[in-house]
Amino acid sequence: MGMLRRTKLCMDTVVDIQVIVREEEGMEQAEIGMKRAFEAFRRIEQACSRFSPDSELMKACRVTGAPVQVSPFLFEPIRFAIELAEWTEGVFDPTIGKIMEKHGFNRHYLTGERVNSRSADFVTYRDIVLDERDCTLLLHKPLVIDLGAVAKGFAIDLAANELKSSPGFIINAGGDLYAGGTDEKGEPWKIGIRHPLHKEQSIQVIKVSGQAVCTSGSYERRSAKEAGMHHIINAVTESSPNDWISCTVIAPYAMQADAFSTASFLLGAEGGRSLITQAGLQGIWITPDLQIDIAGREEA
Amino acid sequence: MAKMKNKWIVLCSAAVTAVYAAGYITTADQASRQQYADVSTTPAASAVPAVPYSGNSGAPQTADSSPSSTPARSIYKDGTYTGMGSNRRGSIQVTLTIANDKITDVEISRFGMHYSESDVAGLPSEVLHNQNSQVTNVSGATYSTKAFQSAVQDALMIARNA
């Protein structure tokens with residue numbers, strides 16, 4: 001029994017994939033799965049990057065008033081984001097892209113180049129029209145779609161799909177992860193929730209198998225331009241909420257865990273808790289005074 | 001309430017399915033079958049996206065020596081390059097692949113960071129090394145990729161066409 005492990009830079013984060021290999025013959029299969037898993041990340045990045053002018057997303061964002069056909073790598077995350085925007089009444093809104101750019105989140109992680117996109121002043125998710133049958137996207141106004149809270153999760157889900165024949169695997173994309181099967185000992189994977197202040201410690205440890213765990217924290221990616229602002233921005237108030245400093249969601253799909261951890265962070269203590277319990281998920285929240293708050297099915 | 005629960009799960013599983021249904025990726029089963037016999041049921045290359053995205057569209061990823069189809073004044077030579085980035089904590093080596101002036105892959109090929117408890121900001125040490133003895137992975141450890149950027153720039157310098 002062995003382990004195949006590879007680490008790459010994708011989507012402005014460190015993507016680490018570990019695959020458990022039971023016997024020697026499984027190595028070749030694991031190699032193929034590993035390659036295809038990273039390919040999924042690359043495809044999503046090429047489709048959804050807000051930082052590459054020639055990504056499918058940014059090309060589509062330059063067209064207004066006419067439908068543009070897009071691939072499912074882009075269509076599906078946008079569809080999910082819009083559903084969640086409707087559910088949260090626009091607190092979570094994928095048209096936050098221009099506001100993110102203005103707060104300094106506009107630099108490509110590999111080339112260092114900055115983007116400055118054209119956008120109308122006031123935009124919401126209602127300015128996006130999706131046609132499911134034709135897989136098209138229509139924008140009423142010039143705007144910038146940000147898929148930061150869904151695209152990475154979707155890439156993890158596609159990668160997990162490629163590795164599902166393995167007895168166990170972990171896809172960790174900068175702390176958003178999916179744990180499939182079991183670990184080397186045949187036990188559920190032990191996942192630590194990062195302590196918001198002491199980076200090398202876990203504040204809580206949970207056991208998962210066949211689940212995604214995603215954490216949104218205000219302790220990372222702070223705005224370089226404004227004090228008190230971080231990368232999770234309420235589209236209605238244009239401010240960063242601070243009821244929690246970390247919000248973890250455990251869900252069967254990483255796209256859901258990713259988007260819901262961000263949305264629950266944005267909705268604040270009461271709204272976020274209700275969102276997670278209504279969706280039948282598990283949430284672990286950390287308050288600024290380091291109290292741990294757990295909701296949903298408790299296994300931790 | 002059950003309706004609300006199912007809705008999101010259905011959306012997620014439909015999203016994964018949509019990618020395969022449209023033929024953008026073949027399933028792993030289809031791919032391994034293809035190695036033995038060219039099964040013609042796999043969606044063919046006709047399913048190209050309407051808006052073509054740049055980069056390696058279905059081409060073999062290890063396209064080190066593949067002839068460049070666009071000879072028009074490229075900035076970088078196609079191929080695989082390594083670059084080193086270092087700071088006072090240690091060094092990182094990345095291996096990056098370039099095709100048609102696009103970075104198509106960046107693998108972290110060597111990692112030699114030493115870090116102290118209090119000063120790890122900007123270094124993805126813990127993502128690569130086990131975070132502590134009890135857990136295999138940590139959720140919520142987003143690290144800045146800044147530490148890698150100089151390694152990438154280093155490799156890009158080598159890749160530059162004279």
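**Chat about the domains and ring pairs**

Modeller: Over all chains, the structure holds 5 aromatic pairs; rings of Phe, Tyr and Trp (its six-membered ring) pair if their centres lie within 6.5 Å, with planes under 30 degrees apart counted as stacked, over 60 as edge-to-face and the rest as tilted. This is a predicted model, where local features need pLDDT of at least 70, side-chain atom pairs count only at pLDDT 80 or more, and totals for chains, interfaces and linings use all residues. Residues are numbered from 1 along each chain as its sequence is written, chains are lettered from A and ligands numbered from 1 in the order written, and side-chain values use heavy atoms, leaving out hydrogens and water.

Colleague: Why is the pair of A:Trp87 and B:Trp8 edge-to-face?

Modeller: Their ring centres are 6.1 Å apart and the planes sit at 85°, so that pair is edge-to-face.

Colleague: And where do those two sit?

Modeller: The pair crosses between chains: A:Trp87 is in helix H3 (residues 72–87) of chain A, and B:Trp8 is in helix H1 (residues 2–21) of chain B. Helices (H or I, at least four residues) and strands (E, at least two) are DSSP runs, numbered from the N terminus.

Colleague: New topic. How is chain A divided?

Modeller: Into domain 1 (2–41 + 150–296) and domain 2 (60–139), with bounds from an automatic or database domain assignment. Their C-alpha centres lie 22 Å apart.

Colleague: How much do domain 1 and domain 2 of chain A bury between them?

Modeller: About 2100 Å², 78% of it on carbon and sulfur atoms. That's the accessible area (1.4 Å probe) that two parts lose on being put together, summed over both. A:Phe154, A:Ile233 and A:Ala235 supply 20% of the area domain 1 buries against domain 2, more than any other three residues.

Colleague: How many salt bridges cross that domain interface?

Modeller: The rule finds 0 between domain 1 and domain 2 of chain A; it asks for a side-chain nitrogen of Lys or Arg within 4 Å of a carboxyl oxygen of Asp or Glu. Over all chains, though, the count is 19 salt bridges.

Colleague: What do the side chains of A:Arg5 and A:Asp16 do?

Modeller: They meet in a salt bridge at 2.7 Å, N to O. A:Arg5 is in strand E1 and A:Asp16 in strand E2 (residues 13–21) of chain A, 11 residues apart.
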